[in-house]
Amino acid sequence: RRQLLASLRRDHHSDDEVMQQTESGQQMIKRILTPKQVDRLRQIMLQIEGPCNIMSNTRDLDRLGIGPDSSQAQKIQSICRDMGDQIRSLVENLNQSHPNDPCMVMTTVGKKMQGIKYDVHKQVNQILTASQNNTLNEMKGRSLALRPMIPPMCDPTKIQNP
């Protein structure tokens, strides 16, 4: 979700502004959570957002041995930009073709995003070395199974039929 919002906002904010906002948010989180909780949150965010998430964290890049200006970083950034463009286009097209059905738009976007993220993950895995892929998998920590996010108004179990 954060990645979707970031990709939609990118048209309105520079990368530096987005990075500053991200760092500011991370500092606030570190003041509230314990270091162990921050680490687990980082693992969960990496599981949810996928490998593009490493590009916004210099600690992750360092751990993987990827220089921010390296060819690996540039290739991953290109893949992630393409993913953002795909998601942005998907949302725009669905909003235009179904302006009165936000639940259908959200459900469809959620399903298609999973496929897009899977493709991105495969592409990034091909860029990383075997050792880097092992480290990335370790960085994700214990797997967390999450159901797709559905806005309360769209949850089929809560929709009342007259």
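This is a predicted model: local features need pLDDT of at least 70, side-chain atom pairs count only at pLDDT 80 or more; totals for chains, interfaces and linings use all residues.
Residues are numbered from 1 along each chain as its sequence is written, local features need pLDDT of at least 70, side-chain atom pairs count only at pLDDT 80 or more, and totals for chains, interfaces and linings use all residues. Side-chain values use heavy atoms, with hydrogens and water left out.

Counting pairs of cysteine sulfur atoms within 2.5 Å gives one disulfide. Cysteine 52 is joined to cysteine 80, with 1.9 Å from S to S, and the link is left-handed, at -100° about the S-S bond. Cysteine 52 sits in the loop between helix H3 (35-49) and helix H4 (58-64) and cysteine 80 in helix H5 (residues 71-97), so the bond ties together parts 28 residues apart in sequence. Helices here are DSSP runs of H or I, at least four residues, numbered from the N terminus. Both cysteine 52 and cysteine 80 are buried, meaning under 20% relative accessible area with a 1.4 Å probe, protein chains only.

Helix H3 also holds arginine 40. Arginine 40 is buried without a salt bridge (a side-chain nitrogen of Lys or Arg within 4 Å of a carboxyl oxygen of Asp or Glu). A polar atom of the arginine 40 side chain lies 2.9 Å from the backbone oxygen of arginine 142.

Beyond four places in sequence, the contacts (heavy atoms within 4.5 Å) of arginine 40 include Lys140. Lysine 140, in helix H7 (residues 130-140), is likewise buried with no salt bridge, and aspartate 60, its nearest side chain of opposite charge, is 11 Å away.

Note on methods: Helices (H or I, at least four residues) and strands (E, at least two) are DSSP runs, numbered from the N terminus. Buried means under 20% relative accessible area, exposed over 50%, partly exposed in between (1.4 Å probe, protein chains only). Lys and Arg count as positive and Asp and Glu as negative; His and the chain ends are not counted. A polar contact is a pair of N or O atoms within 3.5 Å; within protein, one must be able to donate a hydrogen and the other to accept it, and residues adjacent in sequence count only if both atoms are side-chain atoms.
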